[in-house]
Each structure stands twice: as structure tokens, then as C-alpha cells.
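Hi everyone, thanks for making the time. Let me put the sequence and the model up on the screen, and then we can walk through them together.

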Amino acid sequence: VNLTLPGCMLGNQAVVPIIELISSPSCKLQVLDLSRNALTYIGAKKLARGLGENMSLKEMVLNYNRIGMQGAVGFSMSLGMNRTLRSLQLMHCHVQDEAVDLLIASLDANTTLTDLALDDNFHITDQNH
């Protein structure tokens, strides 16, 4: 089951029912695409908490949302708990070097994630990555 809502401009409050869905033990959702939905670190942190409880998602796409440092830190923490996600796409999400380091470090605890897309985050410097 896929839920793709790119460009709907949902915002942070509209993700609350989605978080309830992905946090449910009966959730069968495998792909969640919320690209270009005006999400900030607030919505991203909530999604990250839901991801930590999720047992079905294989791909989460959040491209072109302003999740920034705090949102990425939330995902780095939840990746240690999630055992199903294979792809996390955070392209053009205003992620900074420190958050990239934390995301990469979380891969030590998460062996299922094989695709971490961080393209076009203009805060990332080449000297660190």
C-alpha cells in the first residue's frame, strides 16, 4: 500500500493522522511520499517518532520540505528503532553537516536502510562528506 501526496502543501498539522496511521501495529503502508508539503522540523520530528514505531514502511520521501537540523536529528534517532525502512529521501530539506553526521551514525544501528538520499542540501560541505 502506498500513500503519495506530493505537492499538496499539507503543513505540519495535517500529518497528525498520517502519524497515527504509521504508528499503528496494523499499518500496511509501505511507501509514504510527502514531498513538497511545507513541512518543517515540527512535522518531521512527529513523523520521525511515528517511524520509530512503524513495522511496515519501506520508503519515506520528504524531499523539498524544510525539515532542517532538528527534523533530521529526529530521523537519526528513530532509525535506530526502525527495522523495515529501506529508503529515506531528504533531498533539498535544509539539512546541515551535523545532522548528516548523526544520520550516518544511525546506520550502525539500522541495517535495513540502503538508500539515504541527501542531495541538494546546500548546507552540506564537501569537506566532511
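I'll go through the helix packing, then the core, then the cysteines and a few loop residues.

A word on the ground rules. This is a predicted model, so local features need pLDDT of at least 70 and side-chain atom pairs count only at pLDDT 80 or more, while totals for chains, interfaces and linings use all residues. Residues are numbered from 1 along each chain as its sequence is written, and side-chain values use heavy atoms, with hydrogens and water left out.

Let's start with helix 3, residues 68-78. When I say helix or strand, I mean DSSP runs numbered from the N terminus: H or I with at least four residues for helices, E with at least two for strands. How does helix 3 pack with helix 4? Helix 4 covers residues 97-106, and the two axes are 8 Å apart at an angle of about 10 degrees. Axes here are lines fitted to C-alpha atoms, for helices over the stretch in contact, and the angles run from 0 to 180 degrees between N-to-C directions. The pair is therefore roughly parallel, a label for angles under 35 degrees; over 145 would be roughly antiparallel, 65 to 115 roughly perpendicular, and the rest oblique.

Who makes that contact between helix 3 and helix 4? From helix 3 come Met69, Ala72, Val73, Phe75 and Ser76, and from helix 4 come Glu98, Ala99, Leu102, Leu103 and Ser106. Contact means heavy atoms within 4.5 Å. By class, the residues of this contact are seven nonpolar, two polar and one charged. For the classes, Ala, Val, Leu, Ile, Met, Phe, Trp, Tyr, Cys and Pro are nonpolar, Asp, Glu, Lys and Arg are charged, and the others, Gly among them, are polar.

Now look at helix 2 beside helix 3. Their axes come within 8 Å and cross at roughly 5 degrees, so helix 2 and helix 3 are also roughly parallel to each other. Helix 2 brings Tyr41, Ala44, Lys45, Leu47, Ala48, Leu51 and Gly52 to meet Gln70, Gly71, Gly74, Phe75 and Ser78 of helix 3. That contact has six nonpolar, five polar and one charged residues.

Which residues of helix 3 are buried? They are Gly68, Gly71, Ala72, Gly74, Phe75, Ser76 and Ser78. Buried means under 20% relative accessible area, exposed means over 50%, and partly exposed is in between, using a 1.4 Å probe and protein chains only. The cover over these buried residues includes helix 2 (41-53), strand 3 (59-61), strand 4 (87-89) and helix 4.

In soluble globular proteins, nonpolar side chains tend to be buried together. The largest nonpolar core in this model has 30 residues, and those with the most contacts inside it are Leu32, Leu47, Met60 and Phe75. A nonpolar core is a set of buried Ala, Val, Leu, Ile, Met, Phe, Trp, Tyr and Cys residues joined through side-chain atoms within 4.5 Å. Helix 1 (16-23), helix 2, helix 3 and helix 4 each give two or more residues to this core, and helix 2 has the largest share, four residues. Take Met60: leaving aside neighbours within four places in sequence, its contacts are Ile22, Leu32, Leu51, Phe75, Leu85, Ser87, Leu88 and Gln89.

On to the cysteines. Cys27 is buried, with a relative accessible area of 8%. Cys93 is buried as well, at 0%, and its sulfur is 16 Å from the closest one, in Cys8, too far for a bond.

Last, some loop residues. Met9 and Val15 both sit in the loop between strand 1 and helix 1. Met9 has a positive phi of about 55 degrees although it is not a glycine, and Met9 is exposed at 55% relative accessibility. Val15 is buried at 0%, and beyond its sequence neighbours within four places, Val15 touches Leu34, Leu39 and Gly43. His94, in the loop between strand 4 and helix 4, also has a positive phi, near 60 degrees, but His94 is buried, at 14%.

That's my tour; happy to take questions.

Notes: Disulfide = S-S within 2.5 Å.
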